[in-house]
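Please take a look at the structure below. A short briefing follows it.

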Amino acid sequence: MESSVATSVEGKRSLLLEAIKHDPTAVDLRLSLVVSAAKSFRYDSCLQPFPPDFITNNEKSIDQLNRVLETIPPVADLPAALATLDERTVDLLYWILFRQAHPSLRTVPKAKHDEILAKCPCYAKYSQPTHIFEVVHRVDHSSERAFQEHAHDFRSHHAFHGSRLFNFHSILHYGLQQHLNKVSLFGEGIYLSAELQVSQMFAPNGSGWARSTLGTHPACIALCEYVDNPNYVKKQEETAAPGGEGTDGAATTSPADGSSIVTASLTGNSSIPERYILIKNNELVQVRYLLLYGTTKESDPTASTPGGTRNPVTDAMYDLLPASPTASYRLRHPPSRFVQWIANNKSFVLIGGYVGLLLIVGFINSRNAHYVKELLLQKLNLVYNAVLGYRGKQ
């Protein structure tokens with residue numbers, strides 16, 4: 001039951017101030033997820049739940065919502081700015097941080113990152129997240145109760161799930177839903193992977209909150225706990241346990257490394273590859289942690305976030321470099337902005353290349369191209385005859 005003090009604007013400002021001071025990084029993430037979903041062209045499906053104050057006659061006022069979101073200052077400046085924010089902005093912040101407070105988010109200290117990642121040991125190398133957030137569910141919530149009931153009869157394990165940034169607002173509130181899954185290589189269901197590198201392929205950097213300290217274009221991956229009920233869970237039995245992991249987030253080499261897993265997913269084989277998990281019951285999966293790869297699109301990928309951590313896209317480029325004493329080289333010579341732009345805009349590059357190919361084919365088959373070809377052949381013939389004639393005279 002809500003406190004009566006929260007009904008007034010001043011009461012809401014007081015509660016917001018307490019929440020920001022308690023965990024400003026978690027507040028930053030919540031705002032970033034809402035902004036990312038609101039900016040997406042899929043806002044109608046991914047911005048769920050939608051702020052009720054911006055729904056008029058069952059019509060969502062997304063433009064008005066975005067205008068109010070743009071007035072929110074950085075989290076570091078929010079405590080001082082709360083008193084000057086208008087009532088509509090305060091109401092929106094209150095809705096994001098309190099009315100949608102379940103599940104709650106808690107920032108995990110960097111010293112405990114390795115402990116969290118060890119819940120799902122990986123064979124393949126992966127890049128370390130810049131931030132990890134614990135997703136705390138209420139014990140009495142229906143989804144948590146259902147999960148614990150299933151876990152009473154079967155063992156539970158951890159695995160990763162990658163998705164686009166704008167999906168995580170709804171994932172956080174409704175969990176992973178198999179009917180919303182767009183990937184169905186091995187059947188319908190929720191797809192998880194015991195390899196963080198594989199999940200990174202499905203979690204590209206997305207457009208976030210421009211004022212976020214977490215980065216303007218972060219990527220997000222969920223570390224989930226699932227109940228291993230064989231009636232609903234499809235996977236291969238592992239032939240060997242992964243080796244120990246180093247402090248840099250790289251596991252020891254194994255036959256089932258990331259490249260072989262990716263290859264298996266592209267072969268068209270109906271059997272699910274090792275280290276993939278397919279779950280056909282929503283109640284068997286709970287998101288326990290969010291792994292964030294904070295990056296800023298305009299800045300150097302090694303300096304865009306605290307600690308100099310790279311994003312998954314540039315890490316893939318680094319892995320293509322030859323093996324040599326390049327540790328210092330990789331830090332000092334990141335990919336150029338042009339390469340980063342191509343990596344972040346692959347769809348536009350493909351469309352542009354396709355249009356360019358059509359133009360080239362059309363030109364080759366046109367009369368103008370035929371005329372240019374004939375003219376070029378004539379010039380080459382004149383040059384050829386001139387050279388032969390000159391040599392004949394000698």
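Predicted model: local features only at pLDDT ≥ 70, side-chain atom pairs only at ≥ 80, totals over all residues.

Residues are numbered from 1 along each chain, and side-chain values use heavy atoms, without hydrogens or water.

**Cavities**
- The structure holds 2 cavities of 30 Å³ or more (on a 1 Å grid over the protein atoms alone, sets of points where a 1.4 Å probe fits but cannot get out; lining residues have an atom within 4 Å of a point; volume is the space filled by probe spheres set on the points).
- The largest cavity holds about 40 Å³ of space.
- Its lining is Arg30, Leu33, Val34, Ile96, Gln100, His169, Leu172 and His173.
- Helix 2 and helix 9 (168–174) each supply at least two residues of that lining (helices are DSSP runs of H or I, at least four residues, numbered from the N terminus).
- The second largest cavity has a volume of about 30 Å³.

**Helix 2 and helix 4**
- Helix 2 (residues 24–39) and helix 4 (residues 62–69) pack at about 145°, with axes 10 Å apart (axes are lines fitted to C-alpha atoms over the stretch in contact; angles run from 0 to 180 degrees between N-to-C directions).
- Val34, Val35, Ala38 and Lys39 in helix 2 meet Ile62, Leu65, Asn66 and Leu69 in helix 4 (heavy atoms within 4.5 Å).

**Record entry**
- An unreviewed UniProt entry lists residues 347–364 as "transmembrane region" (annotations may be inferred rather than shown by experiment).
- Residues 347–364 are 100% helix, and their end C-alpha atoms are 26 Å apart.

Notes: 1 Å grid on protein atoms, 1.4 Å probe; cavity = no way out; pocket = protein on both sides within 12 Å on 5 of 7 lines; lining within 4 Å.
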